[in-house]
Amino acid sequence: MSVVGGLLFLVSIMLIIGVLATKFSSRLGLPALVLFLIAGMLLNNFLFFKDVEMTQFIGTLALIIILFDGGTQTKWSNIRPVIGPSVSLATLGVLVTTFITGLAAMYILNFNLLEGMLLGAIVGSTDAAAVFSVLGNKNFKKRLTATLEVESGSNDPMAVFLTIVLIDLIQIPDMSIWSAIGTFFLQMGLGLLIGLLLGKLTVLVINHIKLDISGLYPVLALGSAVFTYAVTDSLGGSGLLAVYVMAVFVGNSDLTYRFSILRFSEGFAWMMQIVMFTLLGLLVFPGDLVEVFWEGILIAIILMFVARPIAVFISLLWMKYRVNEKIFISWAGLKGAVPIVLATYPILAGLENSNLIFNTVFFVVFISALVQGGTLSWLAEKLKLTGDEDDSQATIELINLGNTDSEIMKVTIHKHSPAIGKSLNNLPLPSNTLIIGINRSTKLLTPTGTSVIHNGDTVFVLSDKEKRRKAKIALVGEEEKGKEKKPKKA
(Lines give C-alpha, C1' and ligand atoms only; values in the text may rest on other atoms or scores of the structure.)
Protein backbone atom coordinates (compact mmCIF):
# COMPACT_ATOMS: atom_id res chain seq x y z
CA MET A 1 0.00 0.00 0.00
CA SER A 2 1.34 3.43 -0.94
CA VAL A 3 1.95 6.17 1.64
CA VAL A 4 -1.07 8.14 0.40
CA GLY A 5 -3.23 5.02 0.44
CA GLY A 6 -2.08 4.17 3.94
CA LEU A 7 -2.89 7.66 5.22
CA LEU A 8 -6.32 7.62 3.58
CA PHE A 9 -6.97 4.21 5.13
CA LEU A 10 -6.08 5.54 8.59
CA VAL A 11 -8.28 8.63 8.09
CA SER A 12 -11.21 6.45 7.05
CA ILE A 13 -10.75 4.21 10.08
CA MET A 14 -10.47 7.28 12.29
CA LEU A 15 -13.78 8.71 11.02
CA ILE A 16 -15.65 5.39 11.16
CA ILE A 17 -14.40 4.65 14.69
CA GLY A 18 -15.28 8.21 15.68
CA VAL A 19 -18.86 7.90 14.45
CA LEU A 20 -19.31 4.51 16.14
CA ALA A 21 -17.79 5.95 19.32
CA THR A 22 -20.61 8.49 19.58
CA LYS A 23 -23.08 5.61 19.76
CA PHE A 24 -21.16 3.80 22.48
CA SER A 25 -20.48 7.03 24.40
CA SER A 26 -24.21 7.72 24.82
CA ARG A 27 -24.79 4.15 26.06
CA LEU A 28 -21.84 4.31 28.45
CA GLY A 29 -22.74 7.80 29.63
CA LEU A 30 -19.34 9.19 28.57
CA PRO A 31 -18.51 12.23 26.43
CA ALA A 32 -17.54 11.15 22.92
CA LEU A 33 -14.32 13.16 23.15
CA VAL A 34 -12.96 10.66 25.71
CA LEU A 35 -13.25 7.85 23.18
CA PHE A 36 -11.77 10.04 20.42
CA LEU A 37 -8.73 10.75 22.59
CA ILE A 38 -8.33 7.05 23.37
CA ALA A 39 -8.62 6.23 19.66
CA GLY A 40 -5.85 8.73 18.92
CA MET A 41 -3.54 7.21 21.52
CA LEU A 42 -4.21 3.71 20.16
CA LEU A 43 -3.38 4.88 16.63
CA ASN A 44 0.09 5.78 17.95
CA ASN A 45 0.91 2.11 17.47
CA PHE A 46 0.42 2.46 13.71
CA LEU A 47 1.23 6.10 12.95
CA PHE A 48 3.93 8.36 14.36
CA PHE A 49 2.63 11.92 14.46
CA LYS A 50 4.34 14.83 16.20
CA ASP A 51 3.45 17.83 14.02
CA VAL A 52 2.40 20.23 16.78
CA GLU A 53 1.99 23.19 14.44
CA MET A 54 -0.35 21.28 12.12
CA THR A 55 -2.36 20.05 15.12
CA GLN A 56 -2.70 23.62 16.38
CA PHE A 57 -3.96 24.76 12.96
CA ILE A 58 -6.49 21.91 12.65
CA GLY A 59 -7.55 22.41 16.26
CA THR A 60 -8.22 26.11 15.70
CA LEU A 61 -10.19 25.39 12.51
CA ALA A 62 -12.20 22.74 14.35
CA LEU A 63 -12.99 25.16 17.17
CA ILE A 64 -14.28 27.70 14.63
CA ILE A 65 -16.65 25.12 13.15
CA ILE A 66 -17.76 23.87 16.58
CA LEU A 67 -18.38 27.40 17.88
CA PHE A 68 -20.36 28.24 14.74
CA ASP A 69 -22.50 25.13 15.12
CA GLY A 70 -23.10 25.73 18.82
CA GLY A 71 -23.81 29.43 18.34
CA THR A 72 -26.33 28.96 15.55
CA GLN A 73 -28.32 26.53 17.70
CA THR A 74 -28.32 28.85 20.73
CA LYS A 75 -31.58 30.78 21.16
CA TRP A 76 -31.23 34.43 22.02
CA SER A 77 -34.35 34.28 24.20
CA ASN A 78 -32.57 31.71 26.39
CA ILE A 79 -29.16 33.37 26.64
CA ARG A 80 -30.24 37.01 27.06
CA PRO A 81 -31.15 36.61 30.77
CA VAL A 82 -27.82 34.88 31.57
CA ILE A 83 -25.35 37.13 29.73
CA GLY A 84 -24.24 38.83 32.97
CA PRO A 85 -23.49 35.63 34.92
CA SER A 86 -21.92 33.99 31.86
CA VAL A 87 -19.57 36.91 31.22
CA SER A 88 -18.62 36.92 34.90
CA LEU A 89 -17.78 33.21 34.70
CA ALA A 90 -15.89 33.76 31.43
CA THR A 91 -13.66 36.48 32.90
CA LEU A 92 -13.49 36.52 36.70
CA GLY A 93 -14.14 32.79 36.85
CA VAL A 94 -11.22 32.01 34.54
CA LEU A 95 -8.93 34.31 36.55
CA VAL A 96 -9.80 32.67 39.87
CA THR A 97 -9.49 29.17 38.40
CA THR A 98 -6.12 30.09 36.88
CA PHE A 99 -4.79 31.46 40.18
CA ILE A 100 -5.82 28.53 42.39
CA THR A 101 -4.80 25.83 39.87
CA GLY A 102 -1.57 27.69 39.14
CA LEU A 103 -0.57 27.73 42.81
CA ALA A 104 -1.30 24.02 43.06
CA ALA A 105 0.74 23.26 39.92
CA MET A 106 3.64 25.34 41.23
CA TYR A 107 4.02 23.15 44.33
CA ILE A 108 3.02 19.80 42.83
CA LEU A 109 5.25 20.04 39.72
CA ASN A 110 8.02 22.18 41.26
CA PHE A 111 7.32 25.00 38.78
CA ASN A 112 8.14 28.63 39.35
CA LEU A 113 5.21 31.02 39.81
CA LEU A 114 4.86 31.98 36.14
CA GLU A 115 5.05 28.38 34.93
CA GLY A 116 2.42 27.32 37.46
CA MET A 117 0.13 30.17 36.43
CA LEU A 118 0.68 29.23 32.77
CA LEU A 119 -0.59 25.72 33.39
CA GLY A 120 -3.51 27.16 35.37
CA ALA A 121 -4.39 29.52 32.52
CA ILE A 122 -4.30 26.71 29.97
CA VAL A 123 -6.84 24.60 31.91
CA GLY A 124 -8.77 27.58 33.29
CA SER A 125 -11.48 27.83 30.64
CA THR A 126 -14.57 25.71 30.07
CA ASP A 127 -14.33 24.11 26.64
CA ALA A 128 -17.06 24.82 24.08
CA ALA A 129 -16.57 21.58 22.16
CA ALA A 130 -16.96 19.50 25.31
CA VAL A 131 -19.90 21.51 26.66
CA PHE A 132 -21.86 21.59 23.39
CA SER A 133 -21.39 17.85 22.85
CA VAL A 134 -22.38 16.88 26.41
CA LEU A 135 -25.26 19.34 26.90
CA GLY A 136 -26.65 19.11 23.38
CA ASN A 137 -28.80 16.03 23.88
CA LYS A 138 -29.46 16.24 27.64
CA ASN A 139 -32.62 17.48 29.34
CA PHE A 140 -31.10 20.01 31.74
CA LYS A 141 -32.73 23.26 32.84
CA LYS A 142 -32.51 25.73 29.97
CA ARG A 143 -31.19 28.50 32.20
CA LEU A 144 -28.24 26.39 33.28
CA THR A 145 -27.61 25.07 29.79
CA ALA A 146 -27.64 28.61 28.38
CA THR A 147 -25.27 29.83 31.12
CA LEU A 148 -22.75 27.10 30.37
CA GLU A 149 -23.05 27.50 26.59
CA VAL A 150 -22.44 31.26 26.71
CA GLU A 151 -19.61 30.85 29.22
CA SER A 152 -17.86 28.19 27.14
CA GLY A 153 -18.39 30.16 23.94
CA SER A 154 -16.99 33.40 25.38
CA ASN A 155 -14.27 32.39 27.85
CA ASP A 156 -11.70 31.29 25.28
CA PRO A 157 -10.41 34.87 24.77
CA MET A 158 -9.50 35.12 28.46
CA ALA A 159 -7.70 31.75 28.41
CA VAL A 160 -5.85 32.59 25.18
CA PHE A 161 -4.93 36.04 26.51
CA LEU A 162 -3.57 34.70 29.81
CA THR A 163 -1.65 31.92 28.07
CA ILE A 164 0.05 34.27 25.60
CA VAL A 165 0.80 36.93 28.24
CA LEU A 166 2.32 34.40 30.65
CA ILE A 167 4.47 32.90 27.89
CA ASP A 168 5.67 36.43 27.04
CA LEU A 169 6.37 37.18 30.72
CA ILE A 170 8.45 33.99 30.99
CA GLN A 171 10.44 34.90 27.88
CA ILE A 172 10.50 38.68 28.49
CA PRO A 173 10.43 39.28 32.27
CA ASP A 174 10.41 43.11 31.99
CA MET A 175 7.30 43.22 29.79
CA SER A 176 4.63 45.72 30.89
CA ILE A 177 1.50 44.02 32.27
CA TRP A 178 -0.60 47.16 31.70
CA SER A 179 -0.14 47.07 27.95
CA ALA A 180 -1.24 43.42 28.04
CA ILE A 181 -4.43 44.36 29.92
CA GLY A 182 -5.18 47.02 27.33
CA THR A 183 -4.68 44.44 24.60
CA PHE A 184 -7.22 42.15 26.27
CA PHE A 185 -9.98 44.78 26.26
CA LEU A 186 -9.12 45.62 22.66
CA GLN A 187 -9.43 41.95 21.69
CA MET A 188 -12.79 41.58 23.43
CA GLY A 189 -14.19 44.81 21.96
CA LEU A 190 -13.10 43.99 18.41
CA GLY A 191 -14.40 40.43 18.76
CA LEU A 192 -17.86 41.65 19.76
CA LEU A 193 -18.04 44.40 17.15
CA ILE A 194 -16.69 42.47 14.18
CA GLY A 195 -18.71 39.37 15.09
CA LEU A 196 -21.92 41.42 15.10
CA LEU A 197 -21.12 43.26 11.87
CA LEU A 198 -20.12 40.14 9.96
CA GLY A 199 -23.11 38.29 11.37
CA LYS A 200 -25.41 40.91 9.85
CA LEU A 201 -23.49 40.78 6.60
CA THR A 202 -23.67 36.98 6.49
CA VAL A 203 -27.45 36.97 6.94
CA LEU A 204 -27.83 39.68 4.29
CA VAL A 205 -25.71 37.80 1.76
CA ILE A 206 -27.31 34.38 2.36
CA ASN A 207 -30.85 35.76 2.12
CA HIS A 208 -30.28 37.80 -1.04
CA ILE A 209 -27.78 35.86 -3.10
CA LYS A 210 -29.31 33.43 -5.61
CA LEU A 211 -27.11 30.37 -5.95
CA ASP A 212 -27.86 27.75 -8.58
CA ILE A 213 -26.90 24.91 -6.21
CA SER A 214 -28.68 24.88 -2.85
CA GLY A 215 -25.93 22.78 -1.28
CA LEU A 216 -23.58 25.78 -1.50
CA TYR A 217 -25.49 27.78 1.12
CA PRO A 218 -24.08 25.76 4.06
CA VAL A 219 -20.59 26.11 2.55
CA LEU A 220 -21.12 29.87 2.31
CA ALA A 221 -22.20 30.03 5.96
CA LEU A 222 -19.19 28.07 7.22
CA GLY A 223 -16.88 30.05 4.96
CA SER A 224 -18.26 33.21 6.56
CA ALA A 225 -17.44 31.82 10.01
CA VAL A 226 -13.82 31.11 9.05
CA PHE A 227 -13.63 34.53 7.37
CA THR A 228 -14.91 36.15 10.58
CA TYR A 229 -12.15 34.52 12.60
CA ALA A 230 -9.43 35.41 10.09
CA VAL A 231 -10.46 39.07 9.77
CA THR A 232 -10.85 39.57 13.52
CA ASP A 233 -7.57 37.86 14.32
CA SER A 234 -5.69 39.89 11.70
CA LEU A 235 -7.05 43.11 13.24
CA GLY A 236 -5.93 42.11 16.72
CA GLY A 237 -9.31 40.98 18.04
CA SER A 238 -10.51 37.71 19.52
CA GLY A 239 -11.39 35.55 16.55
CA LEU A 240 -13.13 32.84 18.59
CA LEU A 241 -15.37 35.35 20.35
CA ALA A 242 -16.22 36.97 17.01
CA VAL A 243 -17.22 33.61 15.54
CA TYR A 244 -19.51 32.85 18.49
CA VAL A 245 -21.19 36.27 18.35
CA MET A 246 -21.59 36.00 14.57
CA ALA A 247 -23.06 32.49 14.91
CA VAL A 248 -25.59 33.51 17.57
CA PHE A 249 -26.78 36.38 15.37
CA VAL A 250 -27.06 34.15 12.30
CA GLY A 251 -28.88 31.42 14.23
CA ASN A 252 -31.47 33.86 15.56
CA SER A 253 -32.24 35.51 12.23
CA ASP A 254 -34.65 34.57 9.44
CA LEU A 255 -32.36 32.58 7.18
CA THR A 256 -32.79 31.03 3.78
CA TYR A 257 -31.99 27.28 3.80
CA ARG A 258 -31.72 27.44 7.59
CA PHE A 259 -32.36 23.72 8.06
CA SER A 260 -29.73 22.74 5.50
CA ILE A 261 -27.17 25.11 7.01
CA LEU A 262 -27.74 23.86 10.56
CA ARG A 263 -27.69 20.18 9.64
CA PHE A 264 -24.56 20.54 7.50
CA SER A 265 -22.71 22.49 10.18
CA GLU A 266 -23.77 19.96 12.82
CA GLY A 267 -22.39 17.04 10.81
CA PHE A 268 -19.23 18.94 9.88
CA ALA A 269 -18.71 19.98 13.52
CA TRP A 270 -18.88 16.34 14.60
CA MET A 271 -16.39 15.38 11.91
CA MET A 272 -14.02 18.13 13.06
CA GLN A 273 -14.38 16.96 16.67
CA ILE A 274 -13.43 13.44 15.61
CA VAL A 275 -10.40 14.66 13.65
CA MET A 276 -9.31 17.19 16.27
CA PHE A 277 -9.51 14.97 19.36
CA THR A 278 -7.97 12.02 17.52
CA LEU A 279 -5.04 14.18 16.38
CA LEU A 280 -4.62 15.52 19.90
CA GLY A 281 -4.58 11.93 21.13
CA LEU A 282 -1.88 11.11 18.55
CA LEU A 283 0.42 13.68 20.19
CA VAL A 284 0.47 11.74 23.45
CA PHE A 285 1.91 8.32 24.21
CA PRO A 286 0.41 6.44 27.19
CA GLY A 287 3.89 6.11 28.63
CA ASP A 288 4.19 9.90 28.83
CA LEU A 289 1.02 10.08 30.91
CA VAL A 290 2.31 7.49 33.39
CA GLU A 291 5.14 9.88 34.29
CA VAL A 292 2.64 12.53 35.44
CA PHE A 293 -0.01 10.11 36.72
CA TRP A 294 -0.16 11.11 40.38
CA GLU A 295 0.63 14.76 39.74
CA GLY A 296 -2.07 14.93 37.07
CA ILE A 297 -4.67 13.27 39.30
CA LEU A 298 -3.89 15.67 42.16
CA ILE A 299 -4.11 18.75 39.93
CA ALA A 300 -7.35 17.45 38.36
CA ILE A 301 -8.87 16.91 41.83
CA ILE A 302 -7.92 20.43 42.92
CA LEU A 303 -9.28 21.86 39.67
CA MET A 304 -12.61 19.99 39.87
CA PHE A 305 -13.27 20.14 43.62
CA VAL A 306 -11.56 23.37 44.71
CA ALA A 307 -10.62 25.82 41.94
CA ARG A 308 -13.71 25.59 39.73
CA PRO A 309 -16.28 25.62 42.60
CA ILE A 310 -14.60 28.61 44.29
CA ALA A 311 -14.46 30.43 40.93
CA VAL A 312 -18.16 29.75 40.27
CA PHE A 313 -19.36 30.82 43.72
CA ILE A 314 -17.28 34.02 43.57
CA SER A 315 -18.37 34.82 39.99
CA LEU A 316 -22.05 34.29 40.81
CA LEU A 317 -22.14 36.28 44.06
CA TRP A 318 -25.37 38.31 44.35
CA MET A 319 -26.75 36.59 41.26
CA LYS A 320 -30.00 34.65 41.38
CA TYR A 321 -28.66 31.11 41.30
CA ARG A 322 -29.53 28.58 43.97
CA VAL A 323 -26.81 26.57 45.69
CA ASN A 324 -27.68 23.39 43.80
CA GLU A 325 -27.45 25.31 40.51
CA LYS A 326 -24.00 26.67 41.43
CA ILE A 327 -22.88 23.15 42.31
CA PHE A 328 -24.06 21.91 38.94
CA ILE A 329 -22.33 24.77 37.06
CA SER A 330 -19.16 24.02 39.03
CA TRP A 331 -19.23 20.36 38.02
CA ALA A 332 -20.08 21.20 34.39
CA GLY A 333 -16.84 23.13 33.84
CA LEU A 334 -15.64 20.54 31.33
CA LYS A 335 -12.18 20.70 29.84
CA GLY A 336 -11.55 19.65 26.25
CA ALA A 337 -9.87 20.74 23.06
CA VAL A 338 -9.05 24.36 23.96
CA PRO A 339 -6.71 23.48 26.87
CA ILE A 340 -4.89 20.87 24.78
CA VAL A 341 -4.56 23.26 21.83
CA LEU A 342 -3.32 25.99 24.19
CA ALA A 343 -0.84 23.48 25.63
CA THR A 344 0.85 23.43 22.23
CA TYR A 345 1.70 27.14 22.58
CA PRO A 346 4.54 26.58 25.11
CA ILE A 347 5.95 23.82 22.89
CA LEU A 348 6.05 26.10 19.84
CA ALA A 349 7.51 28.87 22.03
CA GLY A 350 10.31 26.52 23.12
CA LEU A 351 9.72 26.82 26.88
CA GLU A 352 11.82 24.60 29.12
CA ASN A 353 9.00 22.55 30.70
CA SER A 354 6.67 22.64 27.70
CA ASN A 355 6.40 18.85 27.29
CA LEU A 356 5.64 18.39 30.99
CA ILE A 357 2.96 21.08 30.74
CA PHE A 358 1.42 19.43 27.67
CA ASN A 359 1.30 15.95 29.18
CA THR A 360 -0.13 17.26 32.46
CA VAL A 361 -2.79 19.30 30.66
CA PHE A 362 -3.74 16.30 28.53
CA PHE A 363 -4.08 14.12 31.61
CA VAL A 364 -6.18 16.74 33.44
CA VAL A 365 -8.47 17.17 30.41
CA PHE A 366 -8.90 13.42 30.10
CA ILE A 367 -9.82 13.06 33.79
CA SER A 368 -12.20 16.05 33.61
CA ALA A 369 -14.01 14.73 30.54
CA LEU A 370 -14.17 11.21 31.93
CA VAL A 371 -15.29 12.01 35.49
CA GLN A 372 -17.28 15.22 35.12
CA GLY A 373 -18.75 14.49 31.71
CA GLY A 374 -19.66 10.95 32.67
CA THR A 375 -21.50 11.97 35.86
CA LEU A 376 -23.18 15.20 34.73
CA SER A 377 -26.59 13.65 34.01
CA TRP A 378 -26.52 11.73 37.30
CA LEU A 379 -25.69 14.90 39.24
CA ALA A 380 -28.44 16.89 37.51
CA GLU A 381 -30.99 14.27 38.54
CA LYS A 382 -29.73 14.23 42.13
CA LEU A 383 -29.91 18.03 42.28
CA LYS A 384 -33.35 17.98 40.60
CA LEU A 385 -32.20 20.13 37.69
CA THR A 386 -33.53 18.05 34.82
CA GLY A 387 -36.50 18.91 32.62
CA ASP A 388 -37.88 22.30 31.75
CA GLU A 389 -40.94 24.08 30.55
CA ASP A 390 -42.04 23.84 26.94
CA ASP A 391 -40.54 26.39 24.60
CA SER A 392 -42.97 29.22 23.92
CA GLN A 393 -41.03 30.76 21.05
CA ALA A 394 -41.86 30.32 17.40
CA THR A 395 -39.18 29.16 14.99
CA ILE A 396 -39.15 30.26 11.38
CA GLU A 397 -37.15 28.78 8.52
CA LEU A 398 -36.99 30.10 4.97
CA ILE A 399 -36.74 27.75 2.00
CA ASN A 400 -35.59 29.55 -1.14
CA LEU A 401 -37.19 28.55 -4.44
CA GLY A 402 -34.25 29.40 -6.68
CA ASN A 403 -34.68 32.28 -9.13
CA THR A 404 -38.38 32.85 -8.39
CA ASP A 405 -39.90 35.66 -6.32
CA SER A 406 -41.52 33.15 -3.98
CA GLU A 407 -40.31 31.16 -1.01
CA ILE A 408 -41.59 28.63 1.49
CA MET A 409 -41.63 29.50 5.17
CA LYS A 410 -41.51 26.73 7.73
CA VAL A 411 -43.13 28.17 10.87
CA THR A 412 -43.48 26.43 14.23
CA ILE A 413 -46.52 27.79 16.06
CA HIS A 414 -45.95 28.81 19.71
CA LYS A 415 -48.56 28.77 22.44
CA HIS A 416 -49.29 32.53 22.26
CA SER A 417 -49.82 32.59 18.49
CA PRO A 418 -52.97 34.44 17.33
CA ALA A 419 -53.49 31.72 14.71
CA ILE A 420 -54.26 28.97 17.24
CA GLY A 421 -57.86 27.80 17.00
CA LYS A 422 -58.50 29.53 13.69
CA SER A 423 -59.31 27.78 10.44
CA LEU A 424 -57.22 28.60 7.40
CA ASN A 425 -60.21 30.43 5.87
CA ASN A 426 -60.20 32.85 8.81
CA LEU A 427 -56.47 33.61 8.89
CA PRO A 428 -55.64 37.17 7.73
CA LEU A 429 -53.00 35.97 5.26
CA PRO A 430 -51.93 38.32 2.44
CA SER A 431 -53.01 37.61 -1.13
CA ASN A 432 -51.21 34.88 -3.08
CA THR A 433 -50.20 33.20 0.19
CA LEU A 434 -51.03 29.53 0.75
CA ILE A 435 -50.48 27.09 3.61
CA ILE A 436 -49.38 23.99 1.73
CA GLY A 437 -48.74 21.62 4.63
CA ILE A 438 -49.27 21.16 8.36
CA ASN A 439 -46.95 18.92 10.39
CA ARG A 440 -48.73 17.79 13.56
CA SER A 441 -46.95 15.35 15.86
CA THR A 442 -45.71 12.65 13.47
CA LYS A 443 -48.23 13.31 10.69
CA LEU A 444 -48.05 15.61 7.68
CA LEU A 445 -51.57 16.88 6.99
CA THR A 446 -52.87 18.16 3.68
CA PRO A 447 -54.60 21.43 4.61
CA THR A 448 -58.04 22.55 3.50
CA GLY A 449 -59.90 25.77 4.16
CA THR A 450 -61.50 24.28 7.28
CA SER A 451 -58.21 23.02 8.78
CA VAL A 452 -57.59 24.50 12.25
CA ILE A 453 -54.17 25.57 13.55
CA HIS A 454 -53.05 23.92 16.84
CA ASN A 455 -50.32 24.83 19.31
CA GLY A 456 -47.06 23.14 18.31
CA ASP A 457 -48.02 22.74 14.65
CA THR A 458 -45.37 23.30 12.01
CA VAL A 459 -46.92 24.94 8.96
CA PHE A 460 -45.40 25.37 5.50
CA VAL A 461 -46.37 28.65 3.87
CA LEU A 462 -45.88 29.47 0.18
CA SER A 463 -45.63 33.24 -0.20
CA ASP A 464 -44.11 36.04 -2.24
CA LYS A 465 -40.91 37.32 -0.64
CA GLU A 466 -42.22 40.86 -0.14
CA LYS A 467 -45.27 39.48 1.74
CA ARG A 468 -43.20 37.42 4.18
CA ARG A 469 -43.63 39.88 7.06
CA LYS A 470 -47.44 40.06 6.81
CA ALA A 471 -47.66 36.28 6.69
CA LYS A 472 -45.44 36.01 9.80
CA ILE A 473 -47.62 38.51 11.68
CA ALA A 474 -50.72 36.47 10.86
CA LEU A 475 -49.10 33.30 12.19
CA VAL A 476 -46.95 34.38 15.14
CA GLY A 477 -48.18 37.88 15.91
CA GLU A 478 -46.74 41.36 16.31
CA GLU A 479 -45.13 40.55 19.65
CA GLU A 480 -43.07 37.71 18.16
CA LYS A 481 -42.03 39.96 15.34
CA GLY A 482 -40.62 42.39 17.89
CA LYS A 483 -38.78 39.62 19.67
CA GLU A 484 -37.04 38.59 16.50
CA LYS A 485 -35.42 41.98 16.17
CA LYS A 486 -33.79 41.85 19.59
CA PRO A 487 -30.86 39.63 18.65
CA LYS A 488 -29.78 42.29 16.18
CA LYS A 489 -29.19 44.66 19.10
CA ALA A 490 -26.90 42.29 20.93
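Leaving aside neighbours within four places in sequence, which residues is leucine 220 in contact with? They are Val205, Ile206 and Ile209, where contact means heavy atoms within 4.5 Å.

This is a predicted model, in which local features need pLDDT of at least 70 and side-chain atom pairs count only at pLDDT 80 or more, while totals for chains, interfaces and linings use all residues. Residues are numbered from 1 along each chain as its sequence is written, and side-chain values use heavy atoms, with hydrogens and water left out.

**Overall content**

- The chain has 19 helices and five strands; helices (H or I, at least four residues) and strands (E, at least two) are DSSP runs, numbered from the N terminus.
- Of its 490 residues, 54% count as buried; buried means under 20% relative accessible area, exposed over 50%, and partly exposed in between (1.4 Å probe, protein chains only).
- Among contacts in the chain with a separation of 6 or more, 80% are between residues 24 or more positions apart.
- The accessible surface of the chain comes to about 21,700 Å², and carbon and sulfur atoms hold 65% of that area. Accessible areas come from the Shrake-Rupley method with a 1.4 Å probe; for residues, only the protein chains shown count as cover.

**Leucine 220**

- Leucine 220 lies in helix α11 (residues 216-234) and is partly exposed, at 26% relative accessibility.
- Valine 205, one of its contacts, is 15 residues away in sequence and 9.2 Å away in space, C-alpha to C-alpha.

**Threonine 147 and helix α8**

- Threonine 147 belongs to helix α8 (residues 142-154) and is buried, with a relative accessible area of 0%.
- Its side chain reaches the backbone oxygen of arginine 143 at 2.7 Å. This is a polar contact, defined as a pair of N or O atoms within 3.5 Å; within protein, one must be able to donate a hydrogen and the other to accept it, and residues adjacent in sequence count only if both atoms are side-chain atoms.
- Apart from neighbours within four places in sequence, threonine 147 is in contact with Val82, Ser86, Leu89, Tyr321 and Ile329.

**Salt bridges**

- Side chains of opposite charge can pair when their charged atoms come close.
- A salt bridge is a side-chain nitrogen of Lys or Arg within 4 Å of a carboxyl oxygen of Asp or Glu, and by this rule there are six.
- Arginine 143 forms one with glutamate 325, with the closest N and O atoms 3.2 Å apart. This pair links distant parts of the chain, 182 residues apart: arginine 143 is in helix α8 and glutamate 325 in helix α16 (residues 323-331).
- Arginine 143 is partly exposed, with a relative accessible area of 31%, whereas glutamate 325 is buried at 6%.
- Arg143, Arg322 and Glu325 are linked in a network of salt bridges.
- Glutamate 266 pairs with arginine 263, the closest N and O atoms being 3.0 Å apart. The two are separated by about one helical turn because they are three residues apart in helix α13 (residues 258-282).
- Aspartate 464 and lysine 467 meet in a salt bridge at 4.0 Å, N to O, and both residues are buried.

**Nonpolar surface patch**

- Leu92, Ile301, Phe305, Val306, Ile310, Ile314, Leu317 and Trp318 make a nonpolar surface patch of about 790 Å².
- Patches are made of residues with over 30% relative accessible area and no salt bridge: like charges are joined within 9 Å, nonpolar side chains (Val, Leu, Ile, Met, Phe, Trp, Tyr) within 5 Å.
- Helix α15 (residues 293-315) gives the most to this patch, with five residues.
- Tryptophan 318 sits in the loop between α15 and α16 and is exposed, with a relative accessible area of 83%.

- Helix α12 (residues 239-251) has 13 residues and reaches 18 Å from first C-alpha to last, close to the expected 18 Å. The expected span is 1.5 Å times one less than the number of residues.
- In α12, 13 of 13 residues are buried.
- Helix α17 (residues 337-349), with 13 residues, should span 18 Å, and its end C-alpha atoms are 19 Å apart, which agrees.
- Buried residues of α17 include Ala337, Val338, Pro339, Ile340 and Pro346.
- The buried residues of α17 pack against α2 (32-43), α3 (52-72), α6 (113-122), α9 (156-171), α13 and α18 (354-382).
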